[in-house]
Amino acid sequence: MTDVESLQALAEALDAPRVVWVMVPSGDPTRETVRKLADVLAPGDLVIDGGNSRYTDDGPNAALLGEKGIGFVDCGVSGGIWGKDNGYGLMAGGSDDDIARAMPIFDALRPEGPREEGFAHAGPVGAGHFSKMVHNGIEYGLMQAYAEGYELMAATELVTNVTGVIQAWSRGTVVRSWLLDLLVLALKEDPGLEKLSAYVDDSGEGRWTIEEAIRHAVPLPVISAALFARFTSRQESSPAMRAVAALRHQFGGHAVHAVGPSGTPGQLAGPSSGTGSTPS
């Protein structure tokens, strides 16, 4: 493996016809890289976008390169930091000829075993990244379900070996998965997960999945709830829940918690009107 100082140097270092794999942050960094490659590559070359680009970028990128006679394939890549040891799950979009030309690369990256269990030609340009978007949306839902199950078991005094129970699910059960194995690993490294903040980011694919669901009128309640749970994790105090508390206090005279000196919930404030007996 050899480093080069520029995309021009990269083009000069590779024998034609070239295959160039792009894996940079999605959005402007990828679009700019593709634009520069269009200027330094030659007809007959092929560019593969292996990053997490939004599928709607693939058509314009393919068209830009196509004007120069350069092929384009979009490839969703799954496997994270463990892929270098276990292989990467790949889903690619592009023409039959371009996919066939890149197949030695895909075969080198995918897990050992039948090709169809680690690689799919998902469809034309854009299909690879669309498939990866849906994959990541499903991932949101799976992680949220495991997390909620963990929290419920941790909340009861009845289950005294939560990590052990979750590990026992890793073989033979219908909920076994690699994500579950990773949760076991995390709990063994940090029992109670006390070293971590509850703040959870999202990198965009979950939002894109839900936007596509709206466009196609496909209900995605699980994936939507999982994304919204991440939004909730970023709120130290929810304006919506404060509004709900205020409304319960106003219409039913229900007791509410006043804000304490440090901004944490303080003493219960008694009813100011009504009897406080209306359950809601």
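User: In this predicted model, which helix contains Glu 212?
Analyst: The model under discussion is a predicted one. Within it, Glu 212 belongs to the run of residues 205-216, which is helix H9.

User: Is Glu 212 buried or exposed?
Analyst: The relative accessibility of Glu 212 is 6%. Buried applies to values under 20%. Glu 212 therefore counts as buried.

User: With which side chain does the side chain of Glu 212 make a polar contact?
Analyst: Leaving out residues up to four places away in sequence, Glu 212 touches Arg 54, Tyr 55, Phe 130 and Met 133. The polar contact of its side chain, at 3.0 Å, is with the side chain of Tyr 55.

User: What is the order of the strands in the open sheet?
Analyst: The open sheet has five strands with mixed pairing. Its edge strands, each pairing on one side only, are S1 (19-22) and S5 (119-123). On average, and with direction ignored, neighbouring strands are turned by 25 degrees against each other. The order is S1-S2-S3-S4-S5.

User: Which residues form the uncovered face of S1?
Analyst: S1 has two faces, of which the covered one holds Val 20 and Val 22. The uncovered face consists of Val 19 and Trp 21.

User: Which residue in S5 is the bridge partner of Ala 92?
Analyst: Strand S4 (residues 89-93) pairs with S5 in the parallel sense, over four bridges. The partner of Ala 92 in S5 is His 121.

User: At about what angle to S3 does helix H6 run?
Analyst: Helix H6 spans residues 127-155 and lies across S2 (46-49), S3, S4 and S5. Its angle to S3 is about 15 degrees.

User: Which side chain of opposite charge is nearest to Asp 74, and how far away is it?
Analyst: Asp 74 is in strand S3 (residues 71-78). Although buried, Asp 74 has no salt bridge. A salt bridge requires a side-chain nitrogen of Lys or Arg within 4 Å of a carboxyl oxygen. The nearest side chain of opposite charge is that of Lys 132, at 11 Å.

User: How many residues apart in sequence are the parts tied together by Asp 45 and Arg 18?
Analyst: The side chains of Asp 45 and Arg 18 meet in a salt bridge, with N to O at 2.7 Å. Asp 45 lies in the loop between helix H2 (28-40) and S2, and Arg 18 in the loop between helix H1 (7-13) and S1, so the parts tied together are 27 residues apart.

User: Are Asp 45 and Arg 18 buried or exposed?
Analyst: These two residues form a salt bridge with each other. Asp 45 and Arg 18 are both buried.

User: What separates Glu 32 and Arg 35 within helix H2?
Analyst: Glu 32 and Arg 35 form a salt bridge, their closest N and O atoms being 2.6 Å apart. Glu 32 is partly exposed at 33% relative accessible area, and Arg 35 is partly exposed at 38%. The two are three residues apart in the helix, so their separation is about one helical turn.

User: How many salt bridges are found in the whole structure?
Analyst: The pair Asp 45 and Arg 18 is joined by a salt bridge, as is the pair Glu 32 and Arg 35. A search of the whole structure gives a total of 13.

User: What distance separates the C-alpha atoms of Trp 169 and Asp 181?
Analyst: Trp 169 is in the loop between helix H7 (162-168) and helix H8 (178-189), and is partly exposed at 28% relative accessibility. Residues it touches, not counting those up to four places away in sequence, are Met 153, Val 175, Arg 176 and Leu 180. Asp 181 is twelve residues from Trp 169 along the chain, and their C-alpha atoms are separated by 9.0 Å.

Methods. Residues are numbered from 1 along each chain as its sequence is written. This is a predicted model: local features need pLDDT of at least 70, side-chain atom pairs count only at pLDDT 80 or more; totals for chains, interfaces and linings use all residues. Side-chain values use heavy atoms; hydrogens and water are left out. Buried means under 20% relative accessible area, exposed over 50%, partly exposed in between (1.4 Å probe, protein chains only). Contact means heavy atoms within 4.5 Å. Lys and Arg count as positive and Asp and Glu as negative; His and the chain ends are not counted. Two strands pair if DSSP finds at least two bridges between them. Axes are lines fitted to C-alpha atoms, for helices over the stretch in contact, and angles run from 0 to 180 degrees between N-to-C directions. A polar contact is a pair of N or O atoms within 3.5 Å; within protein, one must be able to donate a hydrogen and the other to accept it, and residues adjacent in sequence count only if both atoms are side-chain atoms.
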